[in-house]
Amino acid sequence: MSYQTLQRTVNARLEIKKSEFIAYAYPVNSREQAMFHVEQLREQYTDARHYCWAYIIGDPNNTTSAGFDDDGEPSGTAGRPILNVLQHKAIGNIIIIVVRYFGGIKLGAGGLTRAYAGSAQATVDEMILSPYVAIAQVQIQAEFATEAQCRYVVDSLNGSIDDVAYSEGVLLTVTIAEGDIEALKIELAMAGKVLHDDG
């Protein structure tokens with residue numbers, strides 16, 4: 001199943017009954033990266049009341065790693081609604097953090113749930129998304145005479161050459177979209193041989 005990823009950080013602000021909700025969305029590849037952004041916002045908005053968040057690492061349809069935190073709000077009113085927005089929109093490798101300044105008027109559980117989901121949706125509305133492309137690293141065995149041809153084929157498929165080792169022949173280590181490995185094998189034909197793929 002394909003999913004979308006965030007291209008760059010976005011943020012949005014909502015004011016609901018005098019409470020201010022400041023939402024940030026960051027592209028992330030690990031829980032550690034996600035938690036780094038939470039800590040950054042705690043330092044940036046030291047006087048805020050709550051820092052609620054949800055993240056998804058990997059495919060949101062088959063979540064390998066997801067997490068959320070209500071950070072002192074009533075259970076289920078903050079983190080879960082943010083996570084639901086991400087899953088509904090099929091966005092992966094992302095964290096949304098909502099910083100709340102309490103305005104003195106209680107919103108109640110329903111009001112909080114709507115406020116946090118609305119804050120998450122407001123960031124989604126600002127996002128530039130791109131389809132996630134699974135990549136793989138493969139090795140190509142080639143002769144010295146066909147190295148240039150191999151490089152040309154890798155380049156034409158938007159792959160990148162990570163390493164080149166010379167011994168009796170040439171061994172190129174390349175990173176390429178998983179969906180292009182078959183095309184790589186066909187395009188190389190006589191010029192080189194794909195040894196293995198991790199996909």
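Modeller: Buried means under 20% relative accessible area. The model discussed here is predicted.

Colleague: Why does Cys-52 count as buried?

Modeller: Cys-52 has 0% relative accessibility, and the cut-off is under 20%, so Cys-52 counts as buried.

Colleague: What makes Leu-6 buried or exposed?

Modeller: The value for Leu-6 is 6% relative accessibility, therefore Leu-6 counts as buried. This residue is found in strand S1, residues 4–6. Leaving aside residues up to four places away in sequence, Leu-6 touches Ala-25, Tyr-26, Pro-27, Ile-94, Met-127, Ile-128 and Leu-129.

Colleague: How many disulfides does the model have?

Modeller: A pair of cysteine sulfur atoms has to lie within 2.5 Å, and by this rule the count is zero.

Colleague: How are helices H4 and H5 packed, in angle and axis distance?

Modeller: H4 (residues 147–156) and H5 (residues 181–188) pack at about 150°, and their axes are 10 Å apart. Angles over 145 degrees count as roughly antiparallel, so H4 is roughly antiparallel to H5. The crossing of H4 past H5 is right-handed.

Colleague: Which residues make that contact?

Modeller: H4 contributes Cys-150, Val-153 and Val-154, and H5 contributes Leu-184, Glu-187 and Leu-188. By class, the contact has five nonpolar residues, one charged and no polar.

Colleague: Why is Cys-150 called buried?

Modeller: Its relative accessibility is 0%, so Cys-150 counts as buried.

Conventions
Residues numbered from 1 in each chain as written. Predicted model: local features only at pLDDT ≥ 70, side-chain atom pairs only at ≥ 80, totals over all residues. Heavy atoms only, no water. Axes fitted to C-alpha atoms, helices over the stretch in contact; angles between N-to-C directions. Helix = DSSP H or I, 4+ residues; strand = E, 2+ residues; numbered from the N terminus. Parallel < 35°, antiparallel > 145°, perpendicular 65-115°, else oblique. Left-handed = near helix turned anticlockwise from the far one by under 90°. Contact = heavy atoms within 4.5 Å. Nonpolar A, V, L, I, M, F, W, Y, C, P; charged D, E, K, R; others polar. Buried < 20%, exposed > 50% of the residue type's maximum accessible area, 1.4 Å probe, protein only.
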